[in-house]
Amino acid sequence: MTKTFSTKLDAKLLQILDSFCRKYHLKKASFLEELIAEGIRKRAEALGLAESIERGLEQEKEGNLYTADEVENFVFSKKKTG
């Protein structure tokens with residue numbers, strides 16, 4: 001089942017959309033669908049990043065993170081085996 005939605009768009013924006021779609025031989029509905037899908041993907045990425053930063057800040061506040069010195073010592077102070 002397909003559902004449609006409507007929104008109020010500025011007349012100038014609609015004219016720009018019309019000319020853009022004519023210039024590049026695009027169907028407006030397909031183009032708008034692509035724009036909306038891309039917007040949703042980018043919003044999801046931004047929200048995921050924000051959640052990750054929030055978790056990191058909570059872990060830092062709780063003291064559950066390694067300091068830069070601890071990471072450096074762990075990574076570079078190991079002796080090679082073999």
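Analyst: Happy to. Let's start with α2, which has 35 residues and reaches 51 Å from its first C-alpha to its last, close to the 51 Å expected at 1.5 Å a residue. The expected span is 1.5 Å times one less than the number of residues. Helices here are DSSP runs (H or I, at least four residues), numbered from the N terminus. This is a predicted model, where local features need pLDDT of at least 70, side-chain atom pairs count only at pLDDT 80 or more, and totals for chains, interfaces and linings use all residues. Residues are numbered from 1 along each chain as its sequence is written, and side-chain values use heavy atoms, with hydrogens and water left out.

User: Why is α1 called roughly perpendicular to α2?

Analyst: The axes of α1 (residues 11–23) and α2 (residues 28–62) cross at roughly 105 degrees and come within 10 Å. Angles of 65 to 115 degrees count as roughly perpendicular, so α1 is roughly perpendicular to α2.

User: What makes the contact?

Analyst: L17, D18, F20 and C21 of α1 meet K28, F31 and L32 of α2, where contact means heavy atoms within 4.5 Å.

User: Which residue caps the N-terminal end of α1?

Analyst: D10 does, with a side-chain oxygen 3.0 Å from the backbone nitrogen of K12. A polar contact is a pair of N or O atoms within 3.5 Å; within protein, one must be able to donate a hydrogen and the other to accept it, and residues adjacent in sequence count only if both atoms are side-chain atoms.

User: What follows α2?

Analyst: Just after α2, G63 takes a positive phi of about 80 degrees.

How values were computed:
Axes are lines fitted to C-alpha atoms, for helices over the stretch in contact, and angles run from 0 to 180 degrees between N-to-C directions. Helices (H or I, at least four residues) and strands (E, at least two) are DSSP runs, numbered from the N terminus. Angles under 35 degrees count as roughly parallel, over 145 as roughly antiparallel, 65 to 115 as roughly perpendicular and the rest as oblique.
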